[in-house]
Amino acid sequence: MATYVVVGLQYGDEGKGKITDVLSAKSDYVVRFQGGDNAGHTVYAGEEKFVLHLLPSGVLQCPGKCIIANGVVVNPKAFMHEISQIEEKGMRTDHVFISRRAHVIMPYHILLDTYREEEEGGTQIGTTKKGIGPCYEDKIARVGIRMVDLLNPEVLAEKIRKNLKIKNSLFEKYFEKPGIEFEEIYKEFLEIGQKLKHRIVDTEVELNQAIHDGKNILFEGAQALMLDIDFGTYPYVTSSSPSTGGVCTGAGVPPTSLQNLIGVAKAYTTRVGNGPFPTELNDELGEKMRKVGQEFGATTGRPRRTGWLDLVSLKHATMINGINNLVITKLDVLSGISSLKIATKYKTEDGKIIDYFTSSTTKLYNYEPIYEELEGWNEDISHARTYDELPNNAKKYIEFIEDYLGINVYLVSVGPERSQNIIRKELF
Ligand code: GDP
Ligand code: IMO
Ligand code: MG
């Protein structure tokens with residue numbers, strides 16, 4: 001009985017949802033600790049496809065509780081929509097709870113996110129326009145609305161009034177757009193509070209008790225380390241800490257309670273949204289990876305940028321996260337590529353060779369990856385269920401990653417289905 005953390009090591013969409021779903025079958029709790037409905041976690045359960053944005057990916061299989069903890073920013077309308085979608089497919093949702101401390105994404109957050117993205121001359125991050133950044137800004141500025149506030153009419157009215165004063169002035173004067181009326185949103189959010197009140201609970205005490213009692217607790221990250229507000233390619237990042245460190249503040253559990261730190265990486269790299277991407281392939285091969293890997297955003301439908309595996313950034317990600325178990329997904333997508341490149345170093349603009357990730361995002365655009373080339377394989381590996389069934393070159397690819405990072409790959413994913421895994425060591 002132990003704790004498990006699943007985090008993304010690249011730019012998101014590594015397949016965290018699939019892995020969380022698989023591991024959740026034996027979990028007493030599955031906990032989201034950061035991000036919001038900017039996430040898109042795809043889970044195949046038999047014939048059914050589910051794309052979870054805000055609900056923990058454990059919702060389908062976890063026999064215990066699914067928690068949206070304090071560090072998450074919650075769009076309650078998106079939450080209710082997702083709940084009803086799951087219920088329509090005949091699944092239970094009575095085990096889903098939200099922390100009273102979680103911040104609420106309000107309509108003005110979504111507008112602000114959208115106007116900024118559409119502003120000429122602005123820094124276009126390529127956000128999901130879900131209001132994530134503006135909601136976290138209000139949290140830090142101490143003017144945010146929390147889930148618990150939806151249950152208190154006076155507090156909610158006062159907070160909405162104060163916020164609208166400032167936000168409307170920004171909308172009207174700066175963006176030259178219409179503002180939002182108090183009445184338009186106050187009643188609606190009060191009603192939402194009433195609809196959700198049976199799910200709005202304190203989560204940190206229960207989670208700490210569960211840790212004390214030795215339950216299996218799985219913390220599910222959204223986004224990934226290269227989108228981390230501190231350690232990603234700032235400013236082309238999301239507004240939370242999708243690292244293992246984010247679990248402690250995002251769920252209220254101590255660092256000493258975290259045991260199995262599972263980092264998920266694709267066998268290649270993808271990125272959706274703007275920002276540097278040293279190993280990006282803007283050619284036919286990149287197009288092939290997008291097609292074979294079906295690399296289109298689960299939240300926005302945007303085509304994902306594709307490129308070779310980048311071990312320099314992966315090393316940065318495993319270091320910050322303290323990963324002790326690696327998962328490599330989508331190895332099947334690389335079948336049929338005769339020669340595979342893996343970036344192990346960068347050449348800087350003044351010709352220096354480095355093997356660490358830089359904090360200077362602007363410089364990164366001019367860094368040239370230095371590659372090692374490995375021989376590919378032609379076999380379809382999607383039916384492999386044991387490591388030995390993999391072609392030698394596929395094993396060499398995995399072992400190259402392990403050697404560089406000094407971490408064992410405990411699971412290799414070879415397809416989107418629940419069963420398409422090669423598990424080299426049982427963690428649970
Ligand atoms: P997440 O955001 O990290 O949960 O990842 P997404 O769900 O956004 O994107 C991963 C995509 O790859 C989804 O469509 C998955 O169904 C799919 N997927 C996951 N693992 C594998 C795999 O090993 N092979 C293939 N071909 N697809 C996979
Ligand atoms: P999952 O959990 C991939 C990207 C956006 C944008 C940047 C900031 O499915 O891996 P935001 O809306 O968060 O302010 O956008 O982060 N982004 C993701 N990219 N997967 C995600 O989530 C992402 N969530 C945000 O495209 O570049
Ligand atoms: Mg995703």
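1. The shell around ligand 2 has, by class, seven nonpolar, ten polar and three charged residues. In this classification Ala, Val, Leu, Ile, Met, Phe, Trp, Tyr, Cys and Pro count as nonpolar, Asp, Glu, Lys and Arg as charged, and the others, Gly among them, as polar.

2. The model is a predicted one: local features need pLDDT of at least 70 and side-chain atom pairs count only at pLDDT 80 or more, whereas totals for chains, interfaces and linings use all residues. Residues are numbered from 1 along each chain as its sequence is written, chains are lettered from A and ligands numbered from 1 in the order in which they are written, and side-chain values use heavy atoms, with hydrogens and water left out.

3. Ligand 2 is surrounded by 20 residues, of which the closest are Lys-16, His-41, Thr-128, Gln-223 and Thr-238; a residue is counted if one of its heavy atoms lies within 4 Å of the molecule.

4. The distance is 2.7 Å for an N or O atom of His-41, 2.9 Å for a polar atom of Asn-38 and 2.9 Å for a polar atom of Arg-302. Taken alone, ligand 2 exposes 560 Å², and the protein buries 98% of that; these accessible areas come from the Shrake-Rupley method with a 1.4 Å probe.

5. Around ligand 1 there are 18 residues, and Lys-16, Gly-17, Gly-40, Asp-332 and Ser-413 are the closest. By class, this shell has four nonpolar, seven polar and seven charged residues.

6. Which backbone atoms approach ligand 1? A polar backbone atom of Lys-16 is 2.8 Å from an oxygen atom of the ligand, and a polar backbone atom of Gly-40 is likewise 2.8 Å from an oxygen atom of ligand 1. From the side chain of Asp-13, a polar atom lies 3.0 Å from an oxygen atom of ligand 1. Taken alone, ligand 1 exposes 580 Å², of which the protein buries 92%.

7. Domain 1 (2-98 + 200-261) and domain 3 (265-423) both contribute residues to the shell around ligand 1, so the ligand lies between them. The domain bounds come from an automatic or database domain assignment.

8. Two backbone features deserve a look. Tyr-234 and Pro-235 are joined by a cis peptide bond, with omega about 5°. Glu-176, a residue other than glycine, has a positive phi, near 55°. Glu-176 is found in the loop between helix H5 (153-174) and helix H6 (182-196); helices are DSSP runs (H or I, at least four residues), numbered from the N terminus.

Conventions. A polar contact is a pair of N or O atoms within 3.5 Å; within protein, one must be able to donate a hydrogen and the other to accept it, and residues adjacent in sequence count only if both atoms are side-chain atoms. Helices (H or I, at least four residues) and strands (E, at least two) are DSSP runs, numbered from the N terminus.
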